[in-house]
Amino acid sequence: MNTTSVRPLRALGAATAALLLTGLLAACGGAADPEPIVPATLSAQSDAASPPAGASPSDDASPSAGAETFSYAGRTGATALDLLLEADPSAEVTGEGENAFVTAIGGRAADDSKKEFWSLSVDGEPAQVGAGTLETEDGQEITWTIETY
């Protein structure tokens with residue numbers, strides 16, 4: 001076999017794997033903080049708006065099964081994962097600390113067979129670190145959305 005024709009394929013496979021790993025690590029996280037917090041919105045619409053920071057809780061604040069998007073306000077000193085677990089104690093996470101990976105929110109699990117994962121964003125921008133590492137600030141909008149790779 002000619003090895004020069006295999007090298008570009010290996011490089012392409014490695015690049016694809018690196019991009020996938022980067023996306024998956026964006027949903028990583030850490031340990032929970034037991035303090036209760038802010039309202040959260042769980043919605044089946046991918047463009048759902050969440051309440052502004054400091055808004056009072058409503059019926060929209062509790063998780064509902066099958067949702068595609070989950071949003072809540074940031075809080076200075078708390079990580080995105082701390083706040084997720086406060087807003088939805090039923091959220092499922094594998095791993096711990098900075099290696100935690102969110103697999104289900106509001107009863108909606110990411111479906112591996114459909115290549116889905118829960119993606120984390122802050123103020124509409126993809127997170128650059130995992131949820132357990134991402135320190136939030138008052139006034140930020142933290143959003144989890146089902147995405148595919």
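Buried means under 20% relative accessible area. The exercises below concern a predicted model.

**Exercise 1.** Determine how helix H2 sits relative to the rest of the structure.

Solution.
1. Helix H2 covers residues 80-87.
2. Its buried residues are Ala80, Leu81, Asp82, Leu83, Leu84, Leu85, Glu86 and Ala87.
3. That makes eight of the eight residues buried, so H2 is largely enclosed by the rest of the structure.

**Exercise 2.** Decide whether Glu116 is buried or exposed, and list its surroundings.

Solution.
1. Glu116 belongs to strand S7, which spans residues 116-122.
2. The relative accessible area of Glu116 is 10%; the cut-off for buried is under 20%, so Glu116 is buried.
3. Leaving out residues up to four places away in sequence, Glu116 touches Arg108, Ala109, Ala110, Asp111, Ile146, Glu147, Thr148 and Tyr149.
4. For one of these, Asp111, the backbone nitrogen is 2.9 Å from a polar atom of the Glu116 side chain.

**Exercise 3.** Describe the protein chain as a whole, and state where the pLDDT is below 50.

Solution.
1. The protein chain contains two helices and nine strands, in the order α-β-β-β-α-β-β-β-β-β-β along the sequence.
2. Of its 149 residues, 40% count as buried.
3. Of the contacts between residues at least 6 apart in sequence, 65% link residues at least 24 apart.
4. The average pLDDT is 72, and 56% of the residues reach at least 70.
5. The pLDDT is below 50 over residues 2-38, a stretch with 59 contacts beyond near neighbours in sequence.
6. Residues 45-63 also stay under 50, with 26 contacts beyond four places in sequence.

Technical notes:
Residues are numbered from 1 along each chain as its sequence is written. This is a predicted model: local features need pLDDT of at least 70, side-chain atom pairs count only at pLDDT 80 or more; totals for chains, interfaces and linings use all residues. Side-chain values use heavy atoms; hydrogens and water are left out. Buried means under 20% relative accessible area, exposed over 50%, partly exposed in between (1.4 Å probe, protein chains only). Helices (H or I, at least four residues) and strands (E, at least two) are DSSP runs, numbered from the N terminus. A polar contact is a pair of N or O atoms within 3.5 Å; within protein, one must be able to donate a hydrogen and the other to accept it, and residues adjacent in sequence count only if both atoms are side-chain atoms. Contact means heavy atoms within 4.5 Å. pLDDT is the predictor's confidence in each residue, from 0 to 100.
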